[in-house]
Amino acid sequence: MATRFRLVMAMQRTIQRIHTLVDTPRLKSFSLNAPKSVDVEYANGIKFSLSAEFLRVYSPAADGKIRSIGSEKVISGRRHVGIMSAEPVGNYGVRIVFDDLHKTGIYSWDYFLNLGSNKFTLMRNYIKTLKKHGLSRDPSKRKSSKDL
């Protein structure tokens with residue numbers, strides 16, 4: 001049963017990728033507004049401004065700083081993360097380097113389109129997940145020498 005489920009999920013991801021590639025409008029511009037956000041604009045007039053926190057939380061790369069809680073992957077404490085740079089990767093996207101030293105995510109233009117199109121739902125779900133697990137968007141406070 002689990003194998004069939006994985007096969008169905010893989011097929012759905014493949015169909016989504018094909019659909020996205022066919023329907024993704026051509027990129028018109030990409031602007032880095034370091035350290036706070038990026039702006040992405042497509043030739044059909046669609047524009048998105050995506051915050052550093054949002055992009056860090058939805059990085060397409062696996063990251064050791066993500067906490068696994070049950071079957072959910074949850075990253076917290078990134079409200080004030082900043083973007084240090086964005087490096088082009090071929091003609092299809094950029095690698096974003098964050099000030100928490102995360103730099104393995106490659107954001108394709110169609111991934112930006114997906115994030116921008118679903119920004120409010122994704123952020124709402126992220127905040128709900130944090131609350132559910134008693135986590136915060138704010139970084140944890142470091143203990144001072146007085147607290148030790």
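1. Lysine 36 is exposed, with a relative accessible area of 60%. Exposed means over 50% relative accessible area, buried means under 20%, and partly exposed lies in between (1.4 Å probe, protein chains only). Lysine 36 sits in the loop between β1 (27-33) and β2. Strands here are DSSP runs of E with at least two residues, helices are runs of H or I with at least four, and both are numbered from the N terminus. Leaving aside neighbours within four places in sequence, lysine 36 is in contact (heavy atoms within 4.5 Å) with Leu50, Ser51 and Ala52.

2. A word on the basis. This is a predicted model, in which local features need pLDDT of at least 70 and side-chain atom pairs count only at pLDDT 80 or more, while totals for chains, interfaces and linings use all residues. Residues are numbered from 1 along each chain as its sequence is written, and side-chain values use heavy atoms, with hydrogens and water left out.

3. Next, a sheet. Three strands form an open sheet in the order β6-β7-β8, with antiparallel pairing. Its edge strands are β6 (83-89) and β8 (106-108), each pairing on one side only. On average, neighbouring strands of this sheet are turned by 30° against each other, direction ignored. Two strands pair if DSSP finds at least two bridges between them. β6 and β7 (residues 93-98) pair over 6 bridges, in the antiparallel sense. Glutamate 87 stands opposite arginine 95 in β7.

4. Helix α3 (residues 109-117) packs on the sheet and touches β7 and β8. The direction of α3 makes about 80° with that of β8. Axes are lines fitted to C-alpha atoms, for helices over the stretch in contact, and angles run from 0 to 180 degrees between N-to-C directions.

5. Serine 108 belongs to strand β8. It counts as buried because its relative accessibility is 16%. The serine 108 side chain makes a polar contact with the side chain of aspartate 110 (2.6 Å). A polar contact is a pair of N or O atoms within 3.5 Å; within protein, one must be able to donate a hydrogen and the other to accept it, and residues adjacent in sequence count only if both atoms are side-chain atoms. Beyond neighbours within four places in sequence, serine 108 is in contact with Tyr92 and Gly93.

6. The largest nonpolar core has 26 residues. Such a core is a set of buried Ala, Val, Leu, Ile, Met, Phe, Trp, Tyr and Cys residues joined through side-chain atoms within 4.5 Å. Leu50, Leu55, Ile96, Tyr107 and Phe112 have the most contacts inside it. Elements that each supply at least two residues of this core include β2 (37-42), β7, α3 and α4 (119-132).

7. How buried is phenylalanine 112? Its relative accessibility is 0%, so phenylalanine 112 counts as buried. Outside four places in sequence, its contacts include Phe30, Val38, Leu50 and Ile96.

8. The structure holds 6 aromatic pairs. Rings of Phe, Tyr and Trp (its six-membered ring) pair if their centres lie within 6.5 Å; planes under 30 degrees apart count as stacked, over 60 as edge-to-face and the rest as tilted. Tyrosine 107 and phenylalanine 112 are stacked, at 5.6 Å centre to centre and 20° between the planes. Tryptophan 109 and phenylalanine 112 are also stacked, at 5.8 Å and 25°. Phe30, Tyr107, Trp109, Tyr111 and Phe112 form one aromatic cluster.
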